[in-house]
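I opened my notebook to look around this structure one step at a time. Come along and check each entry against the picture.

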Amino acid sequence: MHPSSPATRAVTLEGVTRTYDGEQPVVALAGVDIDFRRGTFTAVMGPSGSGKSTLLHCAAGLDRPTSGRVRIGETDLSSLSEKDLTVLRRARVGFVFQAFNLVPALTVEQNIMLPSRLARSAPDPRWVAEVVERVGLGARLSHRPSELSGGQQQRVAIARALVSRPEVIFCDEPTGALDTQTAAEVLTLLRAVVDDAGQTVIMVTHDPVAASYADRVVVLADGRVVRDMPQPGAARIAEQLAHLGRPSYAVHGEG
Ligand SMILES: Nc1ncnc2c1ncn2[C@@H]1O[C@H](COP(=O)(O)OP(=O)(O)OP(=O)(O)O)[C@@H](O)[C@H]1O
């Protein structure tokens, strides 16, 4: 990877540690230095407990590091109050989770528009129409989430994340609840929002096939980055993860 200039960095972590106090203190992140360039799709992988979710939460301003610095664009998150952090998350960051996190009582359209309503912003209607078109939900706008398939619900969540034109979209196991075919559709959509809309996507996943849609695969172990691979392909990802002592990462359906 070429070092990126500040202007091209969507997210930067410098010396980020996160420890949890308690009877047995846990070091979830043990000094992570990494940056994510604008317009790229990165998969974050690693064994259970290696710090993936903690990394995502610190990078997205959902959690504060114990030490070190996180920047979204040029903004140092440690300089922000809780209130300003909330404003930043609403305006500049999008989230897609395994469980979709849609509001059951709201229609598809209302769910998509909810973050803008909370941020009291009015997105350009042409952009909203384009997002709806891009995720293929034009005919479903008045439906409730319970009337949609899992893949359609995840597409609503992606549209909801896109509508405020966030600088970066964080995804935590976005295909974890989907079958293989539906997962492929959702990953193709994420790939397209990076390629066509220049979005930045950072996705935690356990699945080497999902990670193979990314431009870059970063592997964590014990709170540190232990691999950083450009476009490795599912077989190489599975091989590298197996080296970390997790043979259960075998890629199904690949020779
Ligand atoms: N609130 C907490 N209190 C104490 N320890 C925590 C807390 N949250 C996470 N941890 C610990 O921090 C470490 C990293 O957790 P994290 O959830 O980031 O891992 P992960 O790689 O996302 O795991 P998984 O793949 O199982 O979701 C783990 O050892 C976990 O037990």
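**Entry 1: a facing pair.** I began with Glu 14 and found it standing opposite Arg 69 in strand 4. I kept in mind that this is a predicted model.

**Entry 2: the strands behind the pair.** Next I looked up which strands are joined here. Strand 1, residues 9–20, and strand 4, residues 67–72, run antiparallel and are joined by five bridges.

Entry 3: I then followed strand 4 to strand 5, which covers residues 75–76. These two pair in the antiparallel sense, over two bridges. Which residue is the bridge partner of Ile 72 in strand 5? I found that it is Thr 75. Strand 4 and strand 5 form a hairpin, with two residues between them. In that turn, Gly 73 has a positive phi of about 60°.

**Entry 4: back to Arg 69.** Then I listed what Arg 69 touches, not counting residues up to four places away in sequence: Glu 14, Gly 15, Asp 76 and Ser 78. So Glu 14, the residue opposite Arg 69, is also among its contacts, as the list for Entry 4 shows because of the C-beta cut-off of 7 Å.

Entry 5: I picked Val 132 and compared its place with that of Arg 69. The two are 63 residues apart in sequence and 36 Å apart in space, C-alpha to C-alpha.

**Entry 6: into the core.** Val 132 turned up again as a contact of Ala 159. Leaving aside neighbours within four places in sequence, Ala 159 also contacts Ile 112, Val 131, Val 135 and Leu 137. The largest nonpolar core has 66 residues, and Ala 159 is one of those that touch the most other members, along with Val 44, Ala 59, Phe 170, Leu 190 and Ile 202. In soluble globular proteins, nonpolar side chains tend to be buried together.

**Entry 7: stepping back.** Finally I looked at the whole chain, which has eight helices and 10 strands. Its radius of gyration is 18 Å, close to the 18 Å from the globule rule for 255 residues, so the chain is as compact as a globular protein of that length. Buried residues make up 39% of the 255.

How values were computed: Residues are numbered from 1 along each chain as its sequence is written. This is a predicted model: local features need pLDDT of at least 70, side-chain atom pairs count only at pLDDT 80 or more; totals for chains, interfaces and linings use all residues. Two strands pair if DSSP finds at least two bridges between them. Two residues are in contact if their C-beta atoms, placed from the backbone, lie within 7 Å. The radius of gyration is taken over C-alpha atoms; the globule rule is 2.2 Å times the number of residues to the power 0.38. A residue is buried if 20 or more other C-beta atoms lie within 10 Å of its own, exposed if 12 or fewer, and partly exposed in between; C-beta atoms are placed from the backbone. A nonpolar core is a set of buried Ala, Val, Leu, Ile, Met, Phe, Trp, Tyr and Cys residues joined through C-beta atoms within 7 Å.
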